[in-house]
Structures are given as C-alpha cells and as structure tokens.
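Please read the following explanation alongside the sequence and the model.

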Amino acid sequence: MKTNLKKRNELKIGIWCWVFMIPATLLYVMFQGYPIITSIFYSTLDWSGMTSNAVFVGLDNFKQLFQDKYFLNAVLNSFKYMLLCVPIQLATSLALAYIFNSVIKKGATVFRTIFFLPVITTASIVGIIMMFIFGGTGSINQFLGLFGFKAVNWLGNAKTALGVVVLVGVWKDVGTYMIYWLAALQSVSQDVYEAAMIDGAGKWQTFSKVVFPLILPTGGVIAVLCVISSLKVFDLIQTMTNGGPFYATDVVATFVYRTAYANSSGMPRLGYASAAAMTFGVIVVGIGVIGNSVKSALASKRNV
C-alpha cells in the first residue's frame, strides 16, 4: 500500500514538473531552437531573404567567407575587443566586489547599486549618449579644451575608436561581473578570514593566498561568461560607430547585420549572413567548451 502511494506521489510530482517545464521549453524552441535550425538551412542558400528565388549552394557560402577580407577583419576585431575588454572587466569587477565586500561596509549597498545601474540601461541608448559625449564637440573635448588640448575625433579615428568602445563596454557591463564576484566572495566562510587573521596574515595575503584560490573555479565561470558576452557585442558598436571608421570597429555581429539587412554594396544576402553567424557561433561554442573544461580542471584540482 505504501509503495503504491509513493509511486503515485512520484508520478504526480513528475507530471507537475513537466507542466511547469513545457511553457519554458516551448518558448525556447520557438525563439532559440527554431531560429538556429533555420539559420543552418539558410546558410546553404544564395538568398536575399526578400524574394522566393533561393538557390541551394551547399557549402559555397562558408568557402567564400574564409576568402572575404571584411569577414576576416570582423572576426579579428571581435577578438581584439574581447582581448582588450575581458581582462579589464574581470580585474575591475573583482576589485569592486572585494572593496564592497571587505573594505567598505557602511553604504556598500548604495555603491553596488550605482555601479550596477549601467547594466540595466539599454545598450543602444548608452551608445547614442556616448556618441555625443565622445563626439567632436562633446563634453570630453570641451573638458580637454579647458586645459588647452585640441579636440580629438575619438570615434572617427581608426586608432582610437575601438579603445573608446572598449572603455564604454567595460563601464556598461562591469556591474554584472561585480555581482558574480560578490556572490563568490560571500560564499567563503567567515571562519576562513578568522583563521587567516589568527595566523597573522594581512588583508592582501588573506585575499591572494587564501580567498582567491577558493573562488577561482567560480572565476572560471565568470571569465567564460565575460568572453562570450564580449564576442556578441553589437548594440554599442552599431550605435556608436556603425562599424567604422573604415571598418576599424566592425565586429561579426555588425557584419552579419549589414550583410543580412542593410548591405550598402547591393542586395542583402541573408544566406551568406547566416553562414557567417553559424561559423562564428561554432567558434564561440568552442571557446565555451574549452572554458568549461578549464573550470572543471580547476574544480578537480581544488577538490584534490
């Protein structure tokens, strides 16, 4: 009797689990799964997306991609942005998290909120505002003019445009990773700090020799999220520079958008853009898999 009742309860729990999972699963299939599948299909077509005349070309789009200097430049710029942005974001967010967790106690919540506000601000709005701030007559040049410096075309110069976008990107997203680091730091038991204090370790020694090794596996996850997020950057660059000047800030996302919907060189090429998106998607997934492997290795080393 008890066994039958237990089985009924387990069945009932299983049914309710599926009831709650089905809506989320359907939404995922509609807005994630279906677009991915259609993109794979479109990548094999020579199609503008505006007509019914689609020609199957197999892997020709992918072959052409690796001979396309604009696509290769976009891939290079995506990795440049990532290599410049990720270390600064990780270091800055970790420093802020440590300060608001261990150094500043009073009013820490207010400071956390201030640093998190840019995260909840729409990236396109931030980009438009920053375009005016760093413009030729923007507030940055007006401030520099007070000290006798000449105005600099920050976003119109190929040497400075990417650096400015990286700076804005770091400021925009650093609050997200600060919260992640805070969660990691707060998961460390207070006994660890007290034991380090008894052993005579200072704050820096406690953090570098004791706390940081403990949160390093979590740091691996944060690093992977940061890398993937930086490789998907679109809004800021589209609104601030539109990929210019002279494609100096053109990344894969802006390349795909321009090719699929706003191709200035001719008819939009949705099939070719889908092939570009799929190729770069595979690269990003590969980086995610490698990062997850590194994280797992770090966790195993810690457990040993």
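This is a predicted model: local features need pLDDT of at least 70, side-chain atom pairs count only at pLDDT 80 or more; totals for chains, interfaces and linings use all residues.

**From a loop to the domains and helices**

Proline 245 is located in the loop that lies between α10 (235-240) and α11 (252-260).

The domain assignment divides the protein into domain 1 (1-43) and domain 2 (63-301). Taken over C-alpha atoms, the centres of domain 1 and domain 2 are 34 Å apart. The contact draws 5 residues from domain 1 and 5 residues from domain 2. An interface is often sized by the accessible area that is lost when its parts come together. Between domain 1 and domain 2, about 370 Å² is buried, and carbon and sulfur atoms give 79% of that area. On the side of domain 1, Ser39, Tyr42 and Ser43 account for 81% of the area buried against domain 2, more than any other three residues.

The packing of helices comes next. Two packed helices are described by the angle between their axes and by the distance between those axes. Helix α3 (residues 69-103) and helix α9 (residues 203-231) have axes that come within 10 Å and cross at roughly 140°. Angles over 145 degrees count as roughly antiparallel, and α3 and α9 are therefore oblique to each other. The crossing in which α3 passes α9 is right-handed. From α3, the contact involves Ser78, Phe79, Tyr81, Met82, Val86, Gln89, Leu90, Leu94, Tyr98 and Ser102. From α9, the contact residues include Lys203, Phe207, Phe212, Ile215, Ile222 and Ala223, and also Cys226, Val227, Ser230 and Leu231. By class, the residues of this contact of α3 with α9 are 15 nonpolar, 4 polar and 1 charged.

Helix α3 also packs with helix α4 (residues 108-116), at an angle of about 160° and with the axes 9 Å apart. The two helices α3 and α4 are therefore roughly antiparallel to each other. Their crossing is left-handed. Leu96, Phe100 and Asn101 of α3 meet Ala108, Phe111, Arg112 and Phe115 of α4. The residues of this contact of α3 with α4 comprise 5 nonpolar, 1 polar and 1 charged.

A further pair is formed by helix α5 (residues 123-133) and helix α7 (residues 161-186), whose axes come within 11 Å and cross at roughly 140°. That angle makes α5 oblique to α7. The crossing of α5 and α7 is right-handed. In this pair, Ala123, Val126 and Met130 of α5 meet Val168, Trp171 and Lys172 of α7. The contact of α5 with α7 has 5 nonpolar residues, no polar residues and 1 charged residue.

The explanation now returns to the loop. Most peptide bonds are trans, and most residues other than glycine have a negative phi. What kind of peptide bond joins glycine 244 and proline 245? The bond is cis, with omega at about -5°. Asparagine 242 is placed in the loop between α10 and α11, and its phi is near 55°, a positive value in a residue other than glycine. Tyrosine 247 also has its place in the loop between α10 and α11. Phi of tyrosine 247 is near 65°, again a positive value in a residue other than glycine.

How values were computed: Residues are numbered from 1 along each chain as its sequence is written. Side-chain values use heavy atoms; hydrogens and water are left out. Axes are lines fitted to C-alpha atoms, for helices over the stretch in contact, and angles run from 0 to 180 degrees between N-to-C directions. Helices (H or I, at least four residues) and strands (E, at least two) are DSSP runs, numbered from the N terminus. Angles under 35 degrees count as roughly parallel, over 145 as roughly antiparallel, 65 to 115 as roughly perpendicular and the rest as oblique. A crossing is left-handed if the near helix is turned anticlockwise from the far one by less than a right angle, and right-handed if clockwise. Contact means heavy atoms within 4.5 Å. Ala, Val, Leu, Ile, Met, Phe, Trp, Tyr, Cys and Pro count as nonpolar, Asp, Glu, Lys and Arg as charged, and the others, Gly among them, as polar. Domain bounds come from an automatic or database domain assignment. Buried area is the accessible area (1.4 Å probe) that two parts lose on being put together, summed over both.
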